[in-house]
Amino acid sequence: MAQAGGYNETFCRAASEQLWAHARNVVDWSAAFLGPAPAHTAALFARAAEDKRIAEAFINNFNDPVAMWQSLAGPRGTESFLAEYIEE
């Protein structure tokens with residue numbers, strides 16, 4: 001929505017920041033698959049291959065790239081994601 005001053009620089013910068021807050025995760029998620037998978041990502045995929053619950057949770061998060069990227073961006077996020085499936 002345009003503000004009173006129309007589509008001025010302030011409006012455009014604010015809109016861009018709001019869009020990037022979400023798009024950044026999508027871009028990072030996509031870029032992560034352009035090269036070899038880091039060890040924590042490979043471990044997640046290996047666990048998903050063995051445990052249907054993990055595989056389904058991973059697939060279900062495709063509709064939430066922010067949450068999924070948090071699970072893949074680093075070892076801590078992956079550990080946190082997998083911790084939900086560790087049986088005690």
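Student: How are H4 and H5 oriented to each other, roughly parallel or roughly perpendicular?
Tutor: This is a predicted model, where local features need pLDDT of at least 70, side-chain atom pairs count only at pLDDT 80 or more, and totals for chains, interfaces and linings use all residues. Residues are numbered from 1 along each chain as its sequence is written, and side-chain values use heavy atoms, leaving out hydrogens and water. Helices here are DSSP runs (H or I, at least four residues), numbered from the N terminus, and the axes of H4 (residues 65-72) and H5 (residues 75-83) come within 5 Å and cross at roughly 110°. With 65 to 115 degrees as the class range, H4 and H5 are therefore roughly perpendicular.

Student: Which residues of H5 make the contact with H4?
Tutor: Contact means heavy atoms within 4.5 Å. H4 brings Met68, Gln70, Ser71 and Leu72, and H5 answers with Gly77, Thr78 and Phe81.

Student: What is the relative accessible area of Ser71?
Tutor: Ser71 sits in helix H4 and touches Gly77, Thr78 and Phe81, skipping residues up to four places away in sequence. Buried means under 20% relative accessible area and exposed over 50%, with partly exposed in between (1.4 Å probe, protein chains only). Ser71 is buried, at 8%.

Student: What arc do the buried residues of H5 cover around the axis?
Tutor: The buried residues of H5 are Thr78, Phe81 and Leu82. They lie on the same side of H5, because the arc (taken from the directions from the helix axis to the C-beta atoms) is only 95°.

Conventions. Axes are lines fitted to C-alpha atoms, for helices over the stretch in contact, and angles run from 0 to 180 degrees between N-to-C directions. Helices (H or I, at least four residues) and strands (E, at least two) are DSSP runs, numbered from the N terminus. Angles under 35 degrees count as roughly parallel, over 145 as roughly antiparallel, 65 to 115 as roughly perpendicular and the rest as oblique.
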